[in-house]
Amino acid sequence: MQKLRKILWPFSLLYGGVVKIRNIFFDRGIFRSFSFDTPIICVGNLSVGGTGKTPMVEYLLRLLQPGYKVATLSRGYKRKSKGFVLAGPESGVESLGDEPCQYHAKFPGVTVAVDADRVHGIHNLLQAEVAPDVIILDDAFQHRKVQAGLNIVLTAYDKLYVHDMFLPAGDLRDDTLQARRAHIIIVTKCPEDLGEEEKEQIVRSLAPGGEQRIFFTAIAYGNSMNSREETLPLNSWKGAHFTLVTGIANPAPLVEFLRTKGMDFEHLNFPDHHNFSEDELYKLRQKSRILTTEKDFMRLQDKVDHIFFLGIRTAFLFGDGEKFNAVVSAYVSGGDK
């Protein structure tokens with residue numbers, strides 16, 4: 001790995017240089033950014049994939065939906081549609097992409113839209129017959145044409161952005177100095193028993209600015225498996241061999257969780273946002289039991305039988321959930337726009 005990084009290092013320097021110049025142009029107003037009166041919350045990261053953006057967006061939807069008209073706007077990665085698409089009764093993965101499709105299925109009261117041009121997408125949402133009170137941008141921190149009022153940057157516990165390097169030698173797609181634009185930094189996928197001493201070490205490594213808040217979260221896996229027809233207790237498959245299918249950036253936490261439960265499974269690992277080929281689908285159809293992630297379930301539920309997903313949620317550590325909720329609620333209610 002070290003040898004490969006040395007080979008790729010010159011390309012990382014080139015990529016990093018382009019990223020830094022782009023950010024300078026935005027900082028100096030050469031490239032234009034747009035702000036909006038409507039509260040905009042951006043959930044993003046500095047690296048490619050695997051930091052837990054989807055469960056964080058869902059956490060915000062659960063927090064805000066009871067009191068506000070909420071909309072989500074995503075790029076709609078690997079969708080087959082173009083331009084701005086507003087989710088409707090017939091919308092699926094092909095028109096929305098897997099993550100927006102998941103939001104649409106789980107939160108029927110939320111307006112879900114996709115548009116690679118975030119400014120264009122926001123304008124369309126605000127011109128709708130029922131305009132949202134708050135818009136959540138999914139994976140848009142590096143898209144600086146929009147000035148969000150509340151920027152939430154995620155970084156994974158086992159790969160903090162301060163210990164990473166630019167693509168392609170590393171996973172960074174943005175300059176670590178851009179973390180200063182974040183109002184909140186969340187260290188995700190932490191062990192549930194993370195201690196105070198290690199917590200403080202991480203805070204020192206991230207070196208937040210005076211107004212920035214740092215929170216720590218863990219993955220909370222569900223106790224049940226869900227299909228379109230039924231829900232089964234997770235332990236109902238204990239002792240029975242099954243196939244785990246993943247098409248996410250980092251399946252290691254899920255694999256480890258299932259192993260700690262004593263589950264017997266083979267793991268078929270695919271790239272993030274994978275579009276399954278007909279040959280792959282044929283092989284999956286030969287399996288008697290399949291467990292997958294909720295995001296992958298969006299792609300596979302109409303194509304493979306005997307498939308279940310295991311849901312996850314964001315769980316705040318150190319009793320900080322209420323503090324985080326208060327910061328978000330204060331911003332949305334107008335206390336800090």
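Strands β2 and β5 run parallel and are joined by four bridges. Strands here are DSSP runs of E with at least two residues, helices are runs of H or I with at least four, and both are numbered from the N terminus. Two strands count as paired if DSSP finds at least two bridges between them. In this pair, Val70 stands opposite Val134 of β5.

Before I go on: this is a predicted model, where local features need pLDDT of at least 70, side-chain atom pairs count only at pLDDT 80 or more, and totals for chains, interfaces and linings use all residues. Residues are numbered from 1 along each chain as its sequence is written, and side-chain values use heavy atoms, with hydrogens and water left out.

Back to β5, which covers residues 134-138. It also runs parallel to β1, with four bridges joining the two. There, Ile41 is opposite Ile136 of β5. Is β5 buried or exposed? Five of its five residues are buried, and buried means under 20% relative accessible area, with exposed over 50% and partly exposed in between, using a 1.4 Å probe and protein chains only. In a regular strand the side chains alternate between the two faces of the sheet. In β5, Val134, Ile136 and Asp138 lie on one side, Ile135 and Leu137 on the other, and all are buried.

Next, β10, residues 242-246. Five of its five residues are buried, so β10 is largely enclosed by the rest of the structure. Phe242, Leu244 and Thr246 point one way, while Thr243 and Val245 point the other way. Which strands pair with β10? One is β11, residues 265-269, which runs parallel to β10 and is joined to it by five bridges. Phe242 has Phe265 of β11 as its bridge partner. Another is β12, residues 290-293, also parallel, with three bridges to β10. Thr243 stands opposite Ile290 of β12. With helix α7, residues 252-260, between them in the naming, β10 and β11 make a right-handed β-α-β unit. Right-handed means that, with the strands pointing away from the viewer, the path from the first strand over the helix to the second runs clockwise.

Now helix α4, residues 98-106. Its buried residues include Glu99, Cys101 and Tyr103. Among the elements that cover them are α2, β2, β5 and α9. Contact, here, means heavy atoms within 4.5 Å.

Ser47 sits in the loop between β1 and α2. Its relative accessible area is 12%, so Ser47 is buried. Leaving out residues up to four places away in sequence, Ser47 touches Asp164, Asp171, Leu172 and Arg173.

Last, the largest pocket, with a volume of about 1,000 Å³. A pocket is an open set of points on a 1 Å grid over the protein atoms alone, where a 1.4 Å probe fits, with protein on both sides within 12 Å along at least five of seven lines; lining residues have an atom within 4 Å of a point. Points are joined across faces, edges and corners, and the volume is the space filled by probe spheres set on them. Elements that each supply at least two lining residues include α2, α4, α7 and β12.
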